[in-house]
Amino acid sequence: MPDVGSRSGAEIRQAVLEGKTVSWRFIPDQKRLRFTLPKMFGGRTYEVCLKGGYTFRPIVSGSAAC
Amino acid sequence: MSEQIVNFEITNLAAEVNESISLEWQGKSFDSGLLTVELDDSAPGGANQGVLNYSQRRATAEFHLRLRFPEFASTLETLGLDPELLRPVSAVLHSEGDILDDHSFALSGRCDLAAHPLFRAEETKASILPGR
C-alpha cells in the first residue's frame with residue numbers, strides 16, 4: 001500500500017508524473033513471499049509475510065540513471 | 001514524460017520476515033531467525049527499474065535483491081562453517097501486476113536466484129505472491 005498518508009490514488013499518480021519519489025509498504029499480514037529451501041536444509045516450502053516497503057523514483061527525461 | 005507510461009528507478013527496498021522458518025542442518029533443526037530482503041545496490045546500471053503503464057493499469061518492475069538469514073548464518077559460523085558459504089543469496093525478482101485505485105500494486109512474480117554454495121538455485125525457489 002502507498003506510504004503517503006491520506007493521499008488518494010489520483011494524487012499519488014500526479015506526484016509520480018511530477019517525478020516525485022513515492023514509497024509503498026507491504027501489508028504486514030499478507031503472505032507475500034513463497035520460499036522453498038534446498039534439500040540440504042529440509043526442502044520445505046513456506047509462505048510468509050513481509051514487513052517493510054520499497055521506493056520508486058520516476059525517471060524524468062534528461063535525468064535517467066541508466 | 002508521457003502521462004501514460006512512466007519509467008522509474010527502484011531506489012530502496014527493505015523488508016524482513018519474522019515468522020519462524022525451520023532449517024535442518026546435519027540432522028538438527030534450527031529456527032532460521034530473521035530473514036531480511038534488501039535491494040542490491042551493486043546491481044548493474046539499468047537494473048532495479050520498472051514501468052508504470054497507466055493506460056493498461058499495469059506495472060512491471062525488476063528488483064535485484066539480497067536475501068539473508070543473519071541469525072542462522074551466525075549459528076552456522078559458530079559451528080565452524082566457512083563465512084563465504086554464508087553470503088547473501090542474490091535474486092532478481094521479475095514482477096508485474098495491476099495498478100490499483102489507491103495506487104498500490106498487485107505485484108507478483110518469480111525470482112531467479114544466483115548461484116550460491118548452500119542455497120543452490122536448482123532446489124531453492126522464491127516468488128512474490130499477489131497482494132498489495
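This is a predicted model: local features need pLDDT of at least 70, side-chain atom pairs count only at pLDDT 80 or more; totals for chains, interfaces and linings use all residues.
Reader: What makes B:Gln26 exposed?
Author: B:Gln26 has 8 other C-beta atoms within 10 Å. The cut-off for exposed is 12 or fewer. Therefore B:Gln26 counts as exposed.

Reader: Where does B:Gln26 lie?
Author: In the loop between S2 and strand S3 (28–31) of chain B.

Reader: Is B:Arg57 buried or exposed, and how do you know?
Author: B:Arg57 has 12 other C-beta atoms within 10 Å. Exposed means 12 or fewer, so B:Arg57 is exposed. B:Arg57 also has a positive phi, about 55°, although it is not a glycine. This residue lies in the loop between strand S5 (49–53) and S6 of chain B.

Reader: Why are S2 of chain A and S9(B) called paired?
Author: Pairing needs at least two bridges. Four bridges join strand S2 (residues 31–36) of chain A to S9(B), so the two strands pair. They run antiparallel. A:Leu33 stands opposite B:Ile128 in S9(B).

Reader: How many residues take part in the contact between the chains?
Author: 40 residues of chain B are in contact with 41 residues of chain A. On the chain B side, strand S1 (5–17), strand S2 (22–25) and strand S9 (125–128) each give two or more residues. S1(B) gives the largest share, 12 residues. By type, that side divides into 17 nonpolar, 12 polar and 11 charged residues.

Reader: Which residues touch the most other members of the largest nonpolar core?
Author: B:Ile10, B:Leu13, B:Phe63, B:Leu65 and B:Ala91. The core has 40 residues. Elements of chain A and chain B contribute, among them S2 and strand S4 (51–58) of chain A and helix H1 (70–78) of chain B. S1(B) gives the most, with six residues.

Reader: What does B:Ala91 touch?
Author: Not counting residues up to four places away in sequence, its contacts include B:Leu65, B:Cys111 and B:Ala126.

Reader: What makes up chain B as a whole?
Author: One helix and nine strands. Along the sequence the pattern is β-β-β-β-β-β-α-β-β-β. Buried residues make up 32% of its 132 residues. Of the contacts in chain B with a separation of 6 or more, 56% join residues 24 or more positions apart.

Key. Residues are numbered from 1 along each chain as its sequence is written. Chains are lettered from A and ligands numbered from 1 in the order in which they are written. Two residues are in contact if their C-beta atoms, placed from the backbone, lie within 7 Å. Ala, Val, Leu, Ile, Met, Phe, Trp, Tyr, Cys and Pro count as nonpolar, Asp, Glu, Lys and Arg as charged, and the others, Gly among them, as polar. A residue is buried if 20 or more other C-beta atoms lie within 10 Å of its own, exposed if 12 or fewer, and partly exposed in between; C-beta atoms are placed from the backbone. A nonpolar core is a set of buried Ala, Val, Leu, Ile, Met, Phe, Trp, Tyr and Cys residues joined through C-beta atoms within 7 Å.
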